[in-house]
Amino acid sequence: MASNFLRLRKPYYVESTINCSSSSDQKLVNLSFGINETRNQTKKRQAKEHHGRISCLDSCCWVTGYLCTTWWLLLFLYHCCLPFTVGHEVPELMPAARLKREGLKGIHPVVLVPGIVTGGLELWEGKPCADGLFRKRLWGGGGFTQLLKRPLCWLEHLSLHNETGLDPPGIRVRPVPGLFGADYSAPGYFVWDVLVKNLAKIGYEGKNLHMAAYDWRLSFQNTEVQMAIFNVSVPCPVLIGIVVDYDTQVRDRALSKLKSKIELMYRTNGNKKVVVVPHSMGVAYFLHFLKWVETPPPMGGGGGSGWCAEHIRAIMNIGPSFLGVPKAVSNILSAEGKDVAYFRAMAPGVLDSGTLGLRALEHVMRVSRTWDSVVSLMPKGGETIWGNMDWSPEDEHVCDFSKKRYFRLSSSDNNVNNSNAKQVFRVKDPVKYGRIISFGKAASVLHSSQLPTAVLKEILHMSASRNFNSSCGEAWTEYDEMSRESIRKTGAADKAYTATTLFDLLRFVAPKMMNRAEAHFSHGIADNLEDPKYNNYKYWSNPLEM
């Protein structure tokens, strides 16, 4: 029986079995060993083939599963810990509860002015892809869920027109009114909610507490005025469509509404003046309002020179951006802020991956470069305020010794200062903070005489004289083509830009955005405030020129 069975196997099994032993038991042992070895080899080969057949889709499914599991776990922990969160569900621990016990009560009406990206936006008119989203949030609160459901449609509706900075045709996105519009930026991430709850503890409610909602994407004057648009066309429509025969667009009249609301709260609360609490970019927006409300129409609100003194008691700024923020430069240049840079360091290539089809930074840049308000956050005051290539105000105020590398002076220097009991230190390779943007580490520390000079003036002149062939692939330059030579001259290693020269860089990289925005914002310092040009609205949000 065993010999008949062995005839069906491979010859080397028979040979090994015959040569080893003539007993049937030994034959069966060897036979079973050979069969198991063949099976193991087959399994290994099949496993390798299966591993090679794992597709990108399988990886994406695993990543999605991990993300969903993490999200649900965090959501579960959030709801478990929420009752124990100080200031949320424990009223006696709120700061206002202590103030109320001390007898504090609200007297003056309060107006809150949100900053950039903190106010909610809702859809009033959209494209077919946004069916079912009428008056649903696209930004703030739960609006970010649409980013996962229909990302390109969501980005299209948050974009503004690339030529005018106003609504694209067929799309109307408006700010969410009331306190509800800016209480939470995202689920679990409060903005104004905790402050509103505390104010309610000392007697505030709808009659004496107001949220000044406005479309934070627009330039400040565009939140108010009526703009005429004539036959504008976009040669390569991506996310925004083509505009033809688009006549007149009337926006929210947000400045007029704010003026009327302050006047109403003043009258209905016993002629008590209003306290205004702006936050972040809302500080610059309200600074614009202060000038607008006293300027005669049609440019201003016509309140007269004493309107502010009559209606406003005080202004308490939270995180003001009076002189701008340097990170706004990197946001315009490459859509990278500090948080995005941290993520890219941990997972390089994910956000702009072409393999996964994300190209997130490219889409973010396309959308954010239609928001003129971002330019209002650019550094103001130029090199006088922020420093030049070799000087900055921080040079003599380096206080954080824990983050710097210091070395003692030489013995000869110690002998000279022997009478001084303090130890003297020297910073190694100090960073030049006056260089807002540096391409390469060397460009941030070398002396300006060792760096090549920028030739942006010539490049801008060459760009203006060229007849660009628009291309959908040139996302980084707003659909205008850049030559390799231009890229090398503007962004090669060992080049740096100050708060003055960086505007030339941005005019070259984002020409359409800068053409729009620089008609609404200024970033200089006034030589003479009596100059009539400073009556123009483009100077009203700059405290150095108004």
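## Contacts of Phe286

Not counting residues up to four places away in sequence, Phe286 touches Val113, Leu258, Ile262, Val276, Pro278, Ile312 and Ile315. The model described here is a predicted one.

## Nonpolar cores

Phe286 belongs to the largest nonpolar core, which has 68 residues. Together with Phe289, Phe286 has the most contacts inside this core. Helix α10, covering residues 281–294, gives the most to the core, with nine residues. Residues of the core come from both domain 1 (96–120 + 176–227 + 247–315) and domain 2 (326–395 + 430–461 + 480–539), so the core lies between these domains.

Another core, of 13 residues, lies apart from the largest one. Val110, Ala182, Ile202 and Met211 are among its residues.

## A three-stranded sheet

Three strands, in the order β3-β2-β4, form an open sheet with antiparallel pairing. Its edge strands are β3 (137–139) and β4 (172–175), each of which pairs on one side only. On average, neighbouring strands of the sheet are turned by 45 degrees against each other, direction ignored.

Four bridges join β2 (residues 121–125) to β4 in the antiparallel sense. In one of these strand pairings, Leu121 has Pro175 of β4 as its bridge partner.

## The helix on the sheet

Helix α7, residues 151–158, packs on this sheet and touches β2, β3 and β4. The direction of α7 makes about 80 degrees with that of β3.

Technical notes. Residues are numbered from 1 along each chain as its sequence is written. This is a predicted model: local features need pLDDT of at least 70, side-chain atom pairs count only at pLDDT 80 or more; totals for chains, interfaces and linings use all residues. Side-chain values use heavy atoms; hydrogens and water are left out. Two strands pair if DSSP finds at least two bridges between them. Helices (H or I, at least four residues) and strands (E, at least two) are DSSP runs, numbered from the N terminus. Axes are lines fitted to C-alpha atoms, for helices over the stretch in contact, and angles run from 0 to 180 degrees between N-to-C directions. Contact means heavy atoms within 4.5 Å. A nonpolar core is a set of buried Ala, Val, Leu, Ile, Met, Phe, Trp, Tyr and Cys residues joined through side-chain atoms within 4.5 Å. Buried means under 20% relative accessible area, exposed over 50%, partly exposed in between (1.4 Å probe, protein chains only). Domain bounds come from an automatic or database domain assignment.
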